[in-house]
Amino acid sequence: AAEAIHNIRARNIDVLYYSKNVRGPDEFWANVIFWLQPSGGMEMYDLHFEDIRVKTCGLDTVVVQAKAQCCGVGGTKYENAGSLRDVTFKNISIDGVKDNFKGVMNFQGRNEKETIRGITLENVTYFGEKITRESPCVMVREFASDIVFK
């Protein structure tokens, strides 16, 4: 595994299609638009996503999966997860057909060392309404902290 993934910038992106097969944030192979999953002791930090537009077709999907999780690659199963910090989502809009779309945003660490922290969501909207910590789609779970909505 890599020691770290950091200093990533993704800007001005249109997401026009996503998986029709809904799998939630607690399933190992979830379907996700922004999947941030540190594993194998890796640190992920200083990630910035800005001016991204998601067009829904009315089907549900997970929008953000920020989850420390043990997984594997090339036949090797990692015994530990990793950590995620200092991530910004700015000017993210979800529009299109609402129907069954819920768009969960899941923030979940694994233990005191493998945490999710320092996530800022600024001007993130679902169908024109600003997302807050109290929004039904937001799940701030164990070992996730400093999740800020602006």
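This is a predicted model: local features need pLDDT of at least 70, side-chain atom pairs count only at pLDDT 80 or more; totals for chains, interfaces and linings use all residues.

Let me start with strand β8, residues 105–108, where M105 and F107 on one side and N106 and Q108 on the other are all buried, so to say covered on both faces; buried here means under 20% relative accessible area, taken with a 1.4 Å probe on protein chains only. In a regular strand the side chains alternate between the two faces of the sheet. Residues are numbered from 1 along each chain as its sequence is written, and side-chain values use heavy atoms, with hydrogens and water left out.

What does β8 pair with over four bridges? The partner is strand β4, residues 62–67, in the parallel sense, where strands are DSSP runs of E with at least two residues, numbered from the N terminus, and two strands pair if DSSP finds at least two bridges between them. Within this pairing A66 stands opposite F107, and K67 has Q108 as its bridge partner.

Strand β11, residues 138–140, also runs parallel to β8, joined by three bridges, and there M105 stands opposite V138.

Taken together, four strands form an open sheet in the order β2-β4-β8-β11, with parallel pairing. The edge strands are β2, residues 32–36, and β11, each of which pairs on one side only.

Note on methods:
Buried means under 20% relative accessible area, exposed over 50%, partly exposed in between (1.4 Å probe, protein chains only).
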